[in-house]
Amino acid sequence: MLQALIDKLEQTRSLTREEWIALIRGRSPEAAEYLFRRARKIRVQHYGHDIYIRGLIEFTNYCKNDCYYCGIRKSNANAQRYRLSKEDILSCCDTGYRLGFRTFVLQGGEDGWFTDERLSSIISEIRRRWPDCAITLSAGERSRESYQMLFDAGADRYLLRHETYDSDHYGKLHPPSLSAAHRQKCLWDLKEIGYQTGTGFMTGSPYQTPENLADDMLFLARLNPQMVGIGPFIPHHETPFARQPAGTAELTLYMLGLIRLLIPAVLLPSTTALGTIVPDGREQGILAGANVVMPNLSPPQVREKYLLYDNKLCTGDEAAESLRSLKKRMEAIGCHITVERGDSLNR
(Lines give C-alpha, C1' and ligand atoms only; values in the text may rest on other atoms or scores of the structure.)
Protein backbone atom coordinates (compact mmCIF):
# COMPACT_ATOMS: atom_id res chain seq x y z
CA MET A 1 0.00 0.00 0.00
CA LEU A 2 2.79 2.45 0.87
CA GLN A 3 4.55 1.90 -2.45
CA ALA A 4 1.25 2.51 -4.21
CA LEU A 5 0.86 5.82 -2.36
CA ILE A 6 4.44 6.80 -3.20
CA ASP A 7 3.76 5.98 -6.85
CA LYS A 8 0.56 8.04 -6.78
CA LEU A 9 2.42 10.98 -5.24
CA GLU A 10 5.10 10.82 -7.91
CA GLN A 11 2.57 10.62 -10.72
CA THR A 12 -0.02 13.13 -9.51
CA ARG A 13 1.82 15.31 -6.95
CA SER A 14 -1.35 15.11 -4.91
CA LEU A 15 -2.63 13.05 -2.00
CA THR A 16 -5.64 13.41 0.27
CA ARG A 17 -5.08 14.25 3.92
CA GLU A 18 -5.96 10.66 4.85
CA GLU A 19 -3.40 9.34 2.34
CA TRP A 20 -0.70 11.63 3.71
CA ILE A 21 -1.45 10.44 7.24
CA ALA A 22 -1.28 6.78 6.20
CA LEU A 23 1.97 7.34 4.29
CA ILE A 24 3.63 9.08 7.24
CA ARG A 25 2.26 6.96 10.10
CA GLY A 26 2.84 3.65 8.29
CA ARG A 27 6.39 4.36 7.11
CA SER A 28 8.86 1.47 7.18
CA PRO A 29 12.52 0.98 6.21
CA GLU A 30 11.40 -0.75 3.02
CA ALA A 31 9.06 2.09 2.07
CA ALA A 32 11.77 4.64 2.87
CA GLU A 33 14.32 2.94 0.62
CA TYR A 34 11.81 2.80 -2.22
CA LEU A 35 10.96 6.47 -1.63
CA PHE A 36 14.62 7.56 -1.63
CA ARG A 37 15.28 5.81 -4.95
CA ARG A 38 12.37 7.67 -6.51
CA ALA A 39 13.43 10.97 -4.94
CA ARG A 40 17.01 10.67 -6.18
CA LYS A 41 15.81 9.93 -9.69
CA ILE A 42 13.57 12.99 -9.71
CA ARG A 43 16.30 15.22 -8.30
CA VAL A 44 18.70 14.09 -11.03
CA GLN A 45 16.06 14.73 -13.69
CA HIS A 46 15.87 18.38 -12.64
CA TYR A 47 19.28 19.23 -11.22
CA GLY A 48 21.62 16.45 -12.28
CA HIS A 49 24.21 15.54 -9.65
CA ASP A 50 24.85 19.18 -8.68
CA ILE A 51 24.76 20.17 -5.01
CA TYR A 52 24.40 23.90 -4.44
CA ILE A 53 26.27 25.63 -1.63
CA ARG A 54 24.97 28.65 0.27
CA GLY A 55 27.18 30.82 2.45
CA LEU A 56 25.37 31.24 5.77
CA ILE A 57 26.02 34.49 7.65
CA GLU A 58 24.37 34.52 11.09
CA PHE A 59 24.35 38.28 11.55
CA THR A 60 22.54 38.68 14.88
CA ASN A 61 21.36 36.43 17.72
CA TYR A 62 19.18 39.08 19.35
CA CYS A 63 15.50 38.20 19.05
CA LYS A 64 12.32 39.83 20.32
CA ASN A 65 10.44 36.52 20.28
CA ASP A 66 10.20 33.82 22.93
CA CYS A 67 9.61 30.65 20.94
CA TYR A 68 9.64 27.72 23.35
CA TYR A 69 12.13 25.63 21.36
CA CYS A 70 14.73 28.25 20.41
CA GLY A 71 18.03 28.86 22.15
CA ILE A 72 18.20 32.54 21.18
CA ARG A 73 14.73 33.27 22.58
CA LYS A 74 14.33 36.59 24.37
CA SER A 75 14.09 34.98 27.81
CA ASN A 76 17.43 33.18 27.59
CA ALA A 77 19.49 35.46 29.85
CA ASN A 78 22.54 33.23 29.41
CA ALA A 79 22.80 33.69 25.65
CA GLN A 80 25.92 35.63 24.62
CA ARG A 81 24.38 38.23 22.35
CA TYR A 82 26.09 39.76 19.34
CA ARG A 83 25.43 41.74 16.18
CA LEU A 84 27.66 41.80 13.13
CA SER A 85 28.43 45.23 11.71
CA LYS A 86 27.90 46.06 8.05
CA GLU A 87 31.66 45.77 7.60
CA ASP A 88 31.68 42.34 9.28
CA ILE A 89 28.95 41.08 6.94
CA LEU A 90 30.69 42.42 3.84
CA SER A 91 33.93 40.78 4.99
CA CYS A 92 32.11 37.44 5.27
CA CYS A 93 30.79 37.88 1.74
CA ASP A 94 34.25 38.71 0.44
CA THR A 95 35.67 35.56 2.03
CA GLY A 96 32.79 33.50 0.67
CA TYR A 97 33.07 34.87 -2.84
CA ARG A 98 36.74 33.96 -3.01
CA LEU A 99 35.85 30.44 -1.83
CA GLY A 100 33.33 30.08 -4.67
CA PHE A 101 30.03 30.94 -2.99
CA ARG A 102 27.49 32.66 -5.23
CA THR A 103 24.63 32.81 -2.72
CA PHE A 104 24.81 34.55 0.64
CA VAL A 105 22.18 33.79 3.29
CA LEU A 106 21.76 36.48 5.94
CA GLN A 107 20.06 34.76 8.87
CA GLY A 108 19.24 36.26 12.23
CA GLY A 109 16.78 36.60 15.04
CA GLU A 110 14.02 39.21 14.86
CA ASP A 111 16.29 42.04 15.97
CA GLY A 112 14.75 45.51 15.88
CA TRP A 113 18.18 47.14 15.64
CA PHE A 114 18.31 45.96 12.03
CA THR A 115 15.74 48.38 10.69
CA ASP A 116 14.58 48.32 7.09
CA GLU A 117 17.02 51.13 6.35
CA ARG A 118 20.01 49.35 7.89
CA LEU A 119 19.24 46.02 6.23
CA SER A 120 18.55 47.69 2.88
CA SER A 121 21.90 49.46 3.07
CA ILE A 122 23.68 46.13 3.65
CA ILE A 123 21.75 44.39 0.87
CA SER A 124 22.33 47.12 -1.69
CA GLU A 125 26.07 47.13 -0.97
CA ILE A 126 26.29 43.34 -1.38
CA ARG A 127 24.39 43.70 -4.65
CA ARG A 128 26.77 46.44 -5.82
CA ARG A 129 29.96 44.55 -4.94
CA TRP A 130 28.90 41.07 -6.07
CA PRO A 131 26.24 41.55 -8.77
CA ASP A 132 26.46 37.92 -9.91
CA CYS A 133 25.43 36.58 -6.49
CA ALA A 134 22.02 35.78 -5.03
CA ILE A 135 21.07 37.37 -1.71
CA THR A 136 18.84 35.35 0.59
CA LEU A 137 17.31 36.74 3.79
CA SER A 138 16.08 34.81 6.80
CA ALA A 139 15.05 37.50 9.24
CA GLY A 140 11.62 36.44 10.44
CA GLU A 141 8.21 38.06 10.28
CA ARG A 142 8.14 41.62 8.94
CA SER A 143 5.54 43.84 7.33
CA ARG A 144 4.75 43.56 3.64
CA GLU A 145 6.19 47.06 3.21
CA SER A 146 9.44 45.90 4.83
CA TYR A 147 9.67 42.86 2.57
CA GLN A 148 9.07 45.10 -0.46
CA MET A 149 11.80 47.54 0.61
CA LEU A 150 14.34 44.75 1.10
CA PHE A 151 13.38 43.23 -2.26
CA ASP A 152 13.82 46.60 -3.97
CA ALA A 153 17.25 46.90 -2.33
CA GLY A 154 18.36 43.72 -4.09
CA ALA A 155 17.29 40.68 -2.05
CA ASP A 156 16.34 37.71 -4.25
CA ARG A 157 15.14 35.05 -1.83
CA TYR A 158 13.54 34.83 1.60
CA LEU A 159 13.45 31.88 3.98
CA LEU A 160 10.65 31.75 6.56
CA ARG A 161 9.83 28.33 7.97
CA HIS A 162 6.19 28.03 8.88
CA GLU A 163 7.29 25.50 11.56
CA THR A 164 3.85 23.86 11.72
CA TYR A 165 0.68 24.63 9.81
CA ASP A 166 -1.83 23.62 12.48
CA SER A 167 -2.75 26.62 14.64
CA ASP A 168 -3.27 24.57 17.81
CA HIS A 169 0.09 22.86 17.45
CA TYR A 170 1.69 26.23 16.61
CA GLY A 171 0.30 27.59 19.87
CA LYS A 172 2.02 24.83 21.83
CA LEU A 173 5.40 25.84 20.39
CA HIS A 174 5.09 29.64 20.52
CA PRO A 175 3.89 32.38 22.89
CA PRO A 176 0.45 33.93 22.30
CA SER A 177 1.99 36.93 20.53
CA LEU A 178 2.77 34.72 17.52
CA SER A 179 0.27 32.93 15.30
CA ALA A 180 0.34 30.40 12.49
CA ALA A 181 -2.04 32.58 10.47
CA HIS A 182 0.29 35.59 10.53
CA ARG A 183 3.29 33.44 9.70
CA GLN A 184 1.48 32.07 6.68
CA LYS A 185 0.37 35.55 5.59
CA CYS A 186 4.01 36.61 5.54
CA LEU A 187 4.80 33.73 3.18
CA TRP A 188 2.02 34.69 0.79
CA ASP A 189 3.23 38.31 0.89
CA LEU A 190 6.76 37.19 0.00
CA LYS A 191 5.54 35.15 -2.95
CA GLU A 192 3.35 37.97 -4.26
CA ILE A 193 6.25 40.47 -4.07
CA GLY A 194 8.36 38.19 -6.22
CA TYR A 195 10.85 36.57 -3.87
CA GLN A 196 12.03 33.04 -4.43
CA THR A 197 10.29 31.91 -1.27
CA GLY A 198 11.36 29.21 1.14
CA THR A 199 9.45 27.68 4.02
CA GLY A 200 9.70 24.51 6.10
CA PHE A 201 9.02 22.82 9.40
CA MET A 202 10.56 20.87 12.25
CA THR A 203 10.23 17.11 12.38
CA GLY A 204 9.65 15.51 15.75
CA SER A 205 8.77 18.76 17.49
CA PRO A 206 6.91 18.44 20.81
CA TYR A 207 3.28 17.35 20.45
CA GLN A 208 3.65 16.76 16.70
CA THR A 209 1.41 14.09 15.13
CA PRO A 210 1.23 12.50 11.68
CA GLU A 211 -1.86 14.63 11.17
CA ASN A 212 0.22 17.77 11.74
CA LEU A 213 2.77 16.63 9.17
CA ALA A 214 -0.01 15.82 6.70
CA ASP A 215 -1.29 19.39 7.09
CA ASP A 216 2.23 20.68 6.52
CA MET A 217 2.43 18.78 3.24
CA LEU A 218 -0.97 20.05 2.10
CA PHE A 219 0.20 23.60 2.87
CA LEU A 220 3.38 23.07 0.84
CA ALA A 221 1.25 21.89 -2.07
CA ARG A 222 -0.81 25.10 -1.95
CA LEU A 223 2.09 27.49 -1.41
CA ASN A 224 4.33 25.80 -4.00
CA PRO A 225 7.54 27.37 -2.63
CA GLN A 226 10.88 27.49 -4.39
CA MET A 227 12.72 26.13 -1.33
CA VAL A 228 11.78 23.94 1.62
CA GLY A 229 14.02 23.58 4.66
CA ILE A 230 13.21 20.93 7.24
CA GLY A 231 15.22 19.57 10.13
CA PRO A 232 14.76 17.59 13.32
CA PHE A 233 13.77 19.29 16.54
CA ILE A 234 16.79 19.35 18.85
CA PRO A 235 16.25 20.61 22.42
CA HIS A 236 18.18 23.51 23.92
CA HIS A 237 18.94 23.40 27.64
CA GLU A 238 17.79 27.01 28.25
CA THR A 239 14.26 26.55 26.88
CA PRO A 240 10.96 25.16 28.21
CA PHE A 241 11.51 22.13 25.95
CA ALA A 242 14.91 21.26 27.41
CA ARG A 243 13.77 17.79 28.46
CA GLN A 244 11.72 16.97 25.38
CA PRO A 245 13.06 14.16 23.17
CA ALA A 246 14.79 15.17 19.95
CA GLY A 247 13.38 14.43 16.54
CA THR A 248 14.97 11.68 14.48
CA ALA A 249 17.00 11.50 11.32
CA GLU A 250 14.71 8.70 10.16
CA LEU A 251 11.57 10.87 10.08
CA THR A 252 13.46 13.87 8.68
CA LEU A 253 14.89 11.86 5.79
CA TYR A 254 11.50 10.34 5.01
CA MET A 255 9.88 13.77 4.86
CA LEU A 256 12.70 15.04 2.62
CA GLY A 257 11.94 12.27 0.15
CA LEU A 258 8.22 13.03 0.21
CA ILE A 259 8.84 16.73 -0.40
CA ARG A 260 11.02 15.93 -3.42
CA LEU A 261 8.15 13.92 -4.93
CA LEU A 262 5.57 16.57 -4.04
CA ILE A 263 7.54 19.49 -5.54
CA PRO A 264 10.03 17.87 -7.94
CA ALA A 265 11.98 21.04 -8.86
CA VAL A 266 12.21 22.47 -5.34
CA LEU A 267 15.53 23.42 -3.75
CA LEU A 268 15.86 21.16 -0.73
CA PRO A 269 18.62 21.67 1.84
CA SER A 270 20.28 18.93 3.83
CA THR A 271 20.41 20.95 7.01
CA THR A 272 22.91 21.59 9.76
CA ALA A 273 20.48 20.09 12.28
CA LEU A 274 20.45 16.82 10.33
CA GLY A 275 24.24 16.85 10.30
CA THR A 276 24.20 17.49 14.04
CA ILE A 277 22.17 14.45 15.11
CA VAL A 278 24.05 11.92 12.94
CA PRO A 279 27.64 12.25 11.68
CA ASP A 280 26.77 11.61 8.03
CA GLY A 281 23.39 13.30 8.24
CA ARG A 282 23.97 15.67 5.38
CA GLU A 283 25.09 12.88 3.08
CA GLN A 284 21.99 10.91 4.06
CA GLY A 285 19.88 13.99 3.29
CA ILE A 286 21.33 14.22 -0.21
CA LEU A 287 20.65 10.53 -0.74
CA ALA A 288 17.04 11.13 0.34
CA GLY A 289 16.54 13.79 -2.35
CA ALA A 290 18.10 17.03 -1.04
CA ASN A 291 20.39 19.17 -3.21
CA VAL A 292 21.58 22.11 -1.09
CA VAL A 293 24.11 22.46 1.76
CA MET A 294 24.76 25.64 3.72
CA PRO A 295 28.25 25.93 5.21
CA ASN A 296 28.81 28.68 7.75
CA LEU A 297 30.55 31.90 6.68
CA SER A 298 30.02 33.65 10.02
CA PRO A 299 33.14 34.85 11.86
CA PRO A 300 34.51 31.92 13.93
CA GLN A 301 34.16 33.84 17.20
CA VAL A 302 30.37 34.11 16.89
CA ARG A 303 29.47 30.70 15.44
CA GLU A 304 29.09 29.09 18.84
CA LYS A 305 26.86 31.95 20.03
CA TYR A 306 24.16 31.36 17.41
CA LEU A 307 22.84 28.31 19.20
CA LEU A 308 19.24 27.58 18.27
CA TYR A 309 19.67 24.11 19.81
CA ASP A 310 22.30 22.21 21.77
CA ASN A 311 25.44 20.68 20.22
CA LYS A 312 25.04 22.61 16.97
CA LEU A 313 27.57 21.62 14.31
CA CYS A 314 29.77 24.70 14.03
CA THR A 315 33.30 23.41 13.50
CA GLY A 316 34.94 21.13 10.97
CA ASP A 317 32.86 20.74 7.84
CA GLU A 318 30.39 23.35 9.01
CA ALA A 319 33.11 25.98 8.61
CA ALA A 320 33.41 27.39 5.11
CA GLU A 321 37.16 26.94 5.35
CA SER A 322 36.56 23.17 5.23
CA LEU A 323 34.79 23.38 1.90
CA ARG A 324 37.38 21.06 0.35
CA SER A 325 36.41 18.31 2.77
CA LEU A 326 32.72 18.88 2.08
CA LYS A 327 33.39 18.54 -1.64
CA LYS A 328 35.08 15.19 -1.04
CA ARG A 329 32.15 13.97 1.06
CA MET A 330 29.68 14.88 -1.67
CA GLU A 331 31.84 13.24 -4.34
CA ALA A 332 31.93 10.06 -2.28
CA ILE A 333 28.16 9.71 -2.75
CA GLY A 334 28.22 10.52 -6.47
CA CYS A 335 27.49 14.24 -6.32
CA HIS A 336 29.54 17.37 -6.80
CA ILE A 337 29.52 20.88 -5.39
CA THR A 338 28.73 23.59 -7.93
CA VAL A 339 29.51 27.29 -7.55
CA GLU A 340 26.52 28.49 -9.56
CA ARG A 341 23.82 30.67 -7.97
CA GLY A 342 21.49 27.71 -8.21
CA ASP A 343 18.16 29.44 -8.67
CA SER A 344 15.14 27.27 -8.11
CA LEU A 345 13.63 25.64 -11.17
CA ASN A 346 10.26 25.53 -9.42
CA ARG A 347 8.12 28.39 -10.66
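Modeller: Helices (H or I, at least four residues) and strands (E, at least two) are DSSP runs numbered from the N terminus. The model is predicted, with local features needing pLDDT of at least 70 and side-chain atom pairs pLDDT 80 or more, while totals for chains, interfaces and linings use all residues. Residues are numbered from 1 along each chain as its sequence is written, and side-chain values use heavy atoms, without hydrogens or water.

The pair consists of α6, residues 144-153, and α8, residues 180-193. Their axes (lines fitted to C-alpha atoms over the stretch in contact) lie 10 Å apart, at an angle of about 35 degrees (on a scale of 0 to 180 degrees between N-to-C directions). From α6, the residues R144, Y147, Q148 and F151 are in contact (heavy atoms within 4.5 Å) with C186, D189, L190, E192 and I193 of α8. Five of these contact residues are nonpolar, one is polar and three are charged. Here Ala, Val, Leu, Ile, Met, Phe, Trp, Tyr, Cys and Pro count as nonpolar, Asp, Glu, Lys and Arg as charged, and the others as polar.

As for the strands, six of them form an open sheet in the order β2-β3-β4-β5-β6-β8, paired in parallel. Because β2 (55-60) and β8 (227-228) each have a single partner strand, they stand at the edges, and one side of each has no neighbour in the sheet. The partner of β8 is β6, residues 196-199, and the two pair (at least two DSSP bridges are required) in the parallel sense over two bridges.
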